[in-house]
Structures are given as structure tokens and as C-alpha cells.
Amino acid sequence: MSVRVLLVDDEELLRLAFAMILRAEPDMEPVGEAADGAAAVELARRLRPDVVLMDVRMPGTDGIEATRLLRREVPGTRVLVLTTFDLDAYAFEALRAGASGFLLKNSRPQELLGAIRDVARGTRCSPRVTRRLLDRFAHRLPAAGHDGGGGGAQRLGVLTAREREVLLGAARGLTNTELAAALGLAEPTVKKHLGRVMAKLGLRDRVQAVILAYECGLVGPG
């Protein structure tokens, strides 16, 4: 099955270049193009792409707001955002909005294709990369316990002690293998606990879990 990709950028030449790169791959299919976030959301509702390759800086509805809308209205579609600088504020805000990962605009074609494939199969931005972003931009997060979800302690109160330990480890950037070793559990057990954490907290992936842990005060910078 081909990965169906929606290309979103206000520069037509960039969209053309991305489309040419994708069409050269047997497992990629560019299904549409949009020049701004509002058009991207409308196209995604109709086309249901697997991945949206999203520029974050666009006139009108930018990529961050479009990502937020896509997460709510087309939850089956994943977003890979394009940024100009590694670990910048736009990448941070895009992950908070629900993007599955980010990529530099000047990345090589093979890096672009690899990132699209990773996002399409559910491999999202590394929790360690997310933590580096959060350490850098933690001042933009709500104060601990004031995350807009009724308070950190109340939101995390639905978790068992073990689930809270698993969330804490994931928020610190540990892989499932590292979590299993640290907690003395089998790796499949760790995966089950993580699944329950995601379900109870209404989270889409580990990246969102890391962000929530910061917003709730479970972990902090450093």
C-alpha cells in the first residue's frame, strides 16, 4: 500500500519539488497540495491522507493551528511538520498541537522519505528529542498543576502507581527496553502499561505523554 501524502506549503516550488521526490518512490503517492493551513484541513477532510507534510510558517492559518484542527477533525491522519531550525519554538508548538514529528526543510530527500515512512507506520518523534525541546521551551508550558485539565494531580490520579512509574520513565525519554530493565518488568508488560496510560489520559502517543508529564509537573527541565 502506498503512503498517501498531502503537501502543505505556501511556496509552490517547494510543493512541486516534494511531489517529484514522492512520485519517484514506489510506496509514495502525493494526493493533494495546499498553500495554507485552512485549505490543508479542508483537503484532509476529503482526501483522508496518511500523512500531511506541513510547513509551520504560512499566512492565514499556520501549520500549528492546522495541526491542532487535523488532530481533532481527521484523527487518522498524522502530521510531519517542516521547520527551518532544529529544536525551534515552531517544532515545540507543533508537537504540543499533536504533530507526530518534525523535520528540517533543508533535509536530504532520503531523510524526508524516511521520516514520512516512520510517521506513516506510527513511529513518532523520539521522546528524547521531545524532552530536549521541552527543556529548552519549558517556560512556555503552564505552571505545574495548571494544565487546563483540572490540575495535574487530578488528571494523573486515574493512574495506578505502576502506570505512573511507566509514564515518568517515558517522560524522561526511556525506551520500552530501558523501562523494562529499570522497573524489573518484561517489555510486553511495559507496552501494556503504556497502552493503559494512553487510554486513561486520552493521549495519542508517547510524545504527547512527555508533554503532559511536563504540564502536570510530573517532571521538569533538566
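Biologist: What makes the contact between the side chains of Asp 27 and Arg 117 a salt bridge?

Modeller: This is a predicted model, and in it the distance from N to O between these two side chains is 2.7 Å. The cut-off for a salt bridge is 4 Å between a side-chain nitrogen of Lys or Arg and a carboxyl oxygen of Asp or Glu. The pair Asp 27 and Arg 117, at 2.7 Å, is therefore called a salt bridge. Asp 27 lies in the loop between α1 and β2, and Arg 117 in helix α5, 90 residues apart, so the pair links distant parts of the chain.

Biologist: Why is Asp 27 called partly exposed?

Modeller: Its relative accessible area is 25%. Buried means under 20% and exposed means over 50%, so a value in between is called partly exposed. Arg 117 is also partly exposed, because its relative accessible area is 21%.

Biologist: Which residue does the side chain of Glu 33 meet in a salt bridge?

Modeller: The partner of Glu 33 is Arg 15, with 3.0 Å from N to O. Glu 33 belongs to strand β2 and Arg 15 to helix α1, 18 residues apart in the chain.

Biologist: Is Arg 15 buried or exposed, and how do you know?

Modeller: Arg 15 has a relative accessible area of 11%. The limit for buried is under 20%, and Arg 15 therefore counts as buried. Glu 33, by contrast, has 37% relative accessibility and counts as partly exposed.

Biologist: What joins Glu 42, Arg 45, Arg 72 and Glu 73 into one network?

Modeller: Let us begin with one pair. The side chains of Glu 73 and Arg 45 meet in a salt bridge at 2.5 Å, N to O. Glu 73 is in helix α3 and Arg 45 in helix α2, 28 residues apart. Salt bridges that share partners then unite Glu 42, Arg 45, Arg 72 and Glu 73 into one network.

Biologist: Which residues touch the most other members of the largest nonpolar core?

Modeller: This core has 28 residues, and those with the most contacts to other members are Val 8, Val 52, Met 54, Leu 70, Val 79, Val 81 and Leu 95. Helix α4 gives the most to the core, with 5 residues.

Biologist: What does Met 54 contact, leaving aside its neighbours within four places in sequence?

Modeller: Its contacts include Val 8, Ala 40, Leu 70, Val 79 and Val 81. A second, separate core has 23 residues, among them Leu 159, Val 166, Ala 180 and Val 219.

Biologist: How many of the 222 residues count as buried?

Modeller: The share is 49% of the chain. The chain has 11 helices and 5 strands.

Biologist: Where is the confidence lowest, and where is it highest?

Modeller: Among these elements, helix α6 has the lowest mean pLDDT, 66, whereas strand β1 has the highest, 97. Over residues 143-150 the pLDDT is below 50. Where pLDDT is low, the predicted coordinates should not be read in detail. The average over the chain is 84, and 85% of the residues score at least 70.

Terms used
Residues are numbered from 1 along each chain as its sequence is written. This is a predicted model: local features need pLDDT of at least 70, side-chain atom pairs count only at pLDDT 80 or more; totals for chains, interfaces and linings use all residues. Side-chain values use heavy atoms; hydrogens and water are left out. Helices (H or I, at least four residues) and strands (E, at least two) are DSSP runs, numbered from the N terminus. Buried means under 20% relative accessible area, exposed over 50%, partly exposed in between (1.4 Å probe, protein chains only). pLDDT is the predictor's confidence in each residue, from 0 to 100. Contact means heavy atoms within 4.5 Å. A nonpolar core is a set of buried Ala, Val, Leu, Ile, Met, Phe, Trp, Tyr and Cys residues joined through side-chain atoms within 4.5 Å.
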